[in-house]
Amino acid sequence: MRVLVRCCWGPLPGGGGSSGGGGAGRRPSPQWRTLLGLSGSSGGEDGRGARVREKPPWRVLFFGTDQFARETLRALQAARENKGEELIENLEVVTVPSPSPKRLPVKQYAVQSQLPVYEWPDVGSGEYDVGVVASFGRLLSEALILKFPYGILNVHPSCLPRWRGPAPIIHTVLHGDTVAGVTIMQIRPKRFDVGPILKQETVPVPPKSTTKDLEAVLSRLGANMLITVLKTLPESLNNGRQQPAEGVTHAPKISAATSCIKWEEQTSEQIFRLHRAIGNIIPLQTLWMNSTIKLLDVVEVNSSVLTDPKLTGQAVIPGSVIYHRQSQILLVCCKDGWIGVRSVMLKKTLTATDFYNGYLHPWYQKNSLAQPSQCRFQTLRLPLKKKQEKKIVAMQ
C-alpha cells in the first residue's frame, strides 16, 4: 500500500512507534523543509515509505561518479558493514551513463561491493530515508528531493558559499587559496550549492598542491564529516544554517580553452597554478610554428638559472623559448619571468633536449622556412566549436 510521504510528518496515530526507529512518540521535525524553502507537501503519491525513522539505521540512496565521490561511498559502505554501530541498513547507488566504465570510479566500487546500481535518470524504486550526493553533476528536482523523508545531503568540497559549482577543487588551486574545506549541506531544487549548511570544516592548502593532492585530502575529510552528520541526522537538519549572502564565488566547469597559455598576460605563478590545477586532466597547450604543442611537465626555474646572460642580457618577448643545457629544461618567457618545461607533446612525447635538437638547434632554425617571429610559443586560440568547447570537468 502506498502512502503519501506528507503523512510521515503528522502526529503518530495512537502514539505508535516509527518503522525501524525503535521508539515511540512524535515524528522528526519538518524544519529542514522550511530551511530549504520547500513546500509542505512531500511529493504526493510518489513518496517512498509509510513511516519515517527517528534514528539509525538509515536506508541511503547515493548519487556520485568520480574518485572524490568514491571515497564517500566507501565510507558509507564501511558503515553499512559495521553491524555493531548500526548506522546504515541499506545502501544503493545512482551513477550516470558513460561509454567507459573506467571513468566512473563510483560504479566500479559499487559493482565490486555488490551494491545495487542504477543509471540516471533511473533512481530505483526502494524505500529510502535520506539521499547523499557527491560529485554527481546533475540538478535534482524538487519532486525527487521530496521523496526522501530527510531530504538529500551534498558533500561539497569547498567552504560554501565560496566556490559554488561543479569544479570547486580546481578553482581552489587555480586561484591560490590558502584554505580549503568541505561543506555538508542540503540539496535545494533548481540551483546548485545554495542549501543550508549542516557541517563545515576547513583545512590549510599545502604549498604547491595539485588538484589531485587536494582532492585526496578533502575526499577523506568529507566522508568522515558525512558519517558524523548521519549519526545525529534529525538534530543536524534542525540545526542547519543558511549560507551567508557575502563571499559567494563560482567554480564553473573547465574547458579545453582554459589550458591555453596566454604568454603576454599570465605571470609565472599563474601558469604554475594552472598546471597544478588542471595538468593531470588536460595538459597546458600553446602554439609552435602553427602546430599545437602540449607542455607535459612544467617546473619552477631555479634562481641560479635566472642569472644566465641569455636571460638577463637582452629584452625577450613573452613566449620566447631558450634551452638551458645544464638543467636540460626549456625556459619559456611569460609576463613577469620564466617557467621551465621538461617535456612536451608534439606529434609524440619529447624531452626538452629532444625538442631542442629537433626544433631549436641553430641548424634547424637556419634551414627551416619559419620566420623569426614564429620561433617562439604563441597563444593558442581554439575555434569556438561545440566539440572543442566541451566541458571536461564536472564536479558538484
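R276 counts as buried in this predicted model. Its relative accessibility is 14%, and the cut-off for burial is under 20%. The residue sits in helix α8, which spans residues 268-278. Beyond its neighbours within four places in sequence, R276 is in contact with V173, with the run K208, S209, T210 and T211, and with E269 and E300.

Y323 belongs to strand β10, residues 321-324. A352 lies 29 residues away from Y323 along the chain, yet the two C-alpha atoms are separated by 7.4 Å.

The sheet was examined next. Seven strands make up an open sheet with mixed pairing. Their order is β3-β2-β1-β4-β5-β6-β7. At the edges are β3 (117-119) and β7 (197-204), each of which pairs on one side only. On average, neighbouring strands are turned by 20° against each other, direction ignored. Within this sheet, β1 (residues 58-64) and β2 (residues 88-95) pair in the parallel sense. Six bridges join β1 and β2. F63 has V94 of β2 as its bridge partner.

Two helices lie across strands of the sheet. Helix α3, residues 105-112, lies across β1, β2 and β3. It runs at about 145° to β3. Helix α6, residues 211-231, lies across β1, β2, β4 (130-134), β5 (152-156), β6 (179-186) and β7. Its direction is at about 35° to β6.

Nonpolar packing was then considered. The largest nonpolar core contains 78 residues. Those with the most contacts inside this core are F62, L76, L230, W288 and F355. Helix α6 supplies the largest share, nine residues. Domain 1 (58-239) and domain 2 (256-378) both contribute residues, so the core lies between the two domains. A second core is separate and has 16 residues. Among its members are V94, V96, V133 and L140.

Note on methods:
Residues are numbered from 1 along each chain as its sequence is written. This is a predicted model: local features need pLDDT of at least 70, side-chain atom pairs count only at pLDDT 80 or more; totals for chains, interfaces and linings use all residues. Side-chain values use heavy atoms; hydrogens and water are left out. Two strands pair if DSSP finds at least two bridges between them. Helices (H or I, at least four residues) and strands (E, at least two) are DSSP runs, numbered from the N terminus. Axes are lines fitted to C-alpha atoms, for helices over the stretch in contact, and angles run from 0 to 180 degrees between N-to-C directions. Contact means heavy atoms within 4.5 Å. A nonpolar core is a set of buried Ala, Val, Leu, Ile, Met, Phe, Trp, Tyr and Cys residues joined through side-chain atoms within 4.5 Å. Buried means under 20% relative accessible area, exposed over 50%, partly exposed in between (1.4 Å probe, protein chains only). Domain bounds come from an automatic or database domain assignment.
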